[in-house]
Amino acid sequence: MPWCLLPPDLIELQLGQIDLLLAMYPDDIKIDESSQSLIEKLRNFENNTEASAVECQFKSNPPSVSMLLRVYISCESAGDRSLDLDLVVPFTYEGNVPPEEPPIVKVRVIQPAWLSRIATSQLMADIPADEDLLGTIEHIKEAASQDLYLSPMNSAEKHTADVDSSLVRVWFYFPSISTRSKRDDFITYAPSYALTGFLYAGKPGLLCVEGGSQAIDDYMKFIKTESWGDIPAHHKKVSERYRESQDIKRSFPDMMEITDMVGERRGQRANRGDMKAMEEWLTERGLGDAFAKVLM
């Protein structure tokens with residue numbers, strides 16, 4: 001989708017957030033050379049009222065500044081630990097009307113050795129959506145200090161116990177899902193939540209997830225807030241169509257993508273799914289009844 005450079009006043013606000021972080025964390029923040037160069041360019045644009053005239057200097061890449069911030073977390077029983085945060089400050093917007101407020105700074109928690117993958121994912125999923133940058137950093141520090149009490153093994157064992165006690169199978173429907181990175185994240189993050197199932201991408205798309213009821217809800221929340229964090233809200237179209245909860249046994253050994261395994265792709269971009277083949281594939285696995293409830 002076409003992008004536009006932020007108006008000068010919003011560029012100034014974004015640069016102000018960067019300057020504040022540099023003042024607060026002078027020894028704990030790293031900015032690579034390309035981002036440093038971009039900051040200098042943007043400083044020269046602050047007073048330029050014809051922002052569109054300089055957008056061509058960024059070619060096809062929407063300008064954003066990446067930073068790595070290290071924060072320190074104290075806990076009486078576990079000692080001090082550090083946590084790295086990947087920060088991305090955007091300087092563009094989409095659409096015809098400039099925003100009144102600057103876009104939010106994207107924050108991603110980089111998993112440390114002392115925190116389990118599950119806990120790291122949960123830490124990301126629990127970040128308040130309406131918090132400002134400094135509030136988000138403080139929230140992460142406070143929440144992470146509580147997780148210091150849990151070793152990676154204990155956290156995983158607790159999550160697995162929760163899964164075993166409330167196994168469900170949930171079916172999600174997408175009008176369309178095609179972006180490779182978004183599809184990969186469904187597969188990559190599922191083991192962190194002890195989930196199995198499959199993703200069938202295209203128009204339409206289908207996601208089947210087996211595991212603990214709360215784990216599935218947390219997983220989908222994490223995907224929507226982290227993996228889909230850069231997608232406009234009106235494009236995040238996914239709906240839960242069917243939740244099986246009685247006498248459920250896993251039908252899949254892991255989480256996998258079956259897009260290229262079932263049927264033939266149709267349409268100009270080969271993104272139209274073969275629903276008849278999908279129905280047969282599910283029937284072979286004893287899940288044929290679900291097809292009618294999810295897709296009809």
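Guide: Of the 296 residues of the protein chain in this predicted model, 44% count as buried. The chain has nine helices and eleven strands. Among its contacts with a separation of 6 or more, 73% are between residues 24 or more positions apart.

The part requested is an open sheet of five strands, with mixed pairing and the order 10-7-9-8-11. Its edges are strand 10 (239–244) and strand 11 (255–257), each of which pairs on one side only. From one strand to the next, the twist averages 15 degrees.

Within this sheet, strand 7 (residues 167–174) and strand 9 (residues 205–212) run antiparallel and are joined by eight bridges. At Leu167, the residue standing opposite in strand 9 is Gly212.

Helix 6 (residues 180–189) lies across strand 7, strand 8 (196–200), strand 9 and strand 11. Its direction is at about 155 degrees to strand 11. Helix 8 likewise lies across strand 7, strand 8, strand 9 and strand 11, and runs at about 165 degrees to strand 8.

Helix 8 (residues 275–284) also packs with helix 9 (residues 288–295), at an angle of about 140 degrees and with the two axes 7 Å apart. Because of that angle, helix 8 is oblique to helix 9. Helix 8 contributes Met275, Met278, Glu279, Leu282 and Thr283 to the contact, while helix 9 contributes Gly288, Phe291 and Leu295. By class, the residues of this contact comprise five nonpolar, two polar and one charged.

A word on confidence is in order. The protein chain averages a pLDDT of 81, and 80% of the residues score at least 70. Over residues 149–164, however, pLDDT stays under 50, and the model has 23 contacts beyond four places in sequence for this stretch. Residues 267–271 also have a pLDDT below 50, with six contacts in the model beyond near neighbours in sequence. Where pLDDT is low, the predicted coordinates should not be read in detail.

Note on methods. Residues are numbered from 1 along each chain as its sequence is written. This is a predicted model: local features need pLDDT of at least 70, side-chain atom pairs count only at pLDDT 80 or more; totals for chains, interfaces and linings use all residues. Side-chain values use heavy atoms; hydrogens and water are left out. Axes are lines fitted to C-alpha atoms, for helices over the stretch in contact, and angles run from 0 to 180 degrees between N-to-C directions. Helices (H or I, at least four residues) and strands (E, at least two) are DSSP runs, numbered from the N terminus. Angles under 35 degrees count as roughly parallel, over 145 as roughly antiparallel, 65 to 115 as roughly perpendicular and the rest as oblique. Contact means heavy atoms within 4.5 Å. Ala, Val, Leu, Ile, Met, Phe, Trp, Tyr, Cys and Pro count as nonpolar, Asp, Glu, Lys and Arg as charged, and the others, Gly among them, as polar. Two strands pair if DSSP finds at least two bridges between them. pLDDT is the predictor's confidence in each residue, from 0 to 100. Buried means under 20% relative accessible area, exposed over 50%, partly exposed in between (1.4 Å probe, protein chains only).
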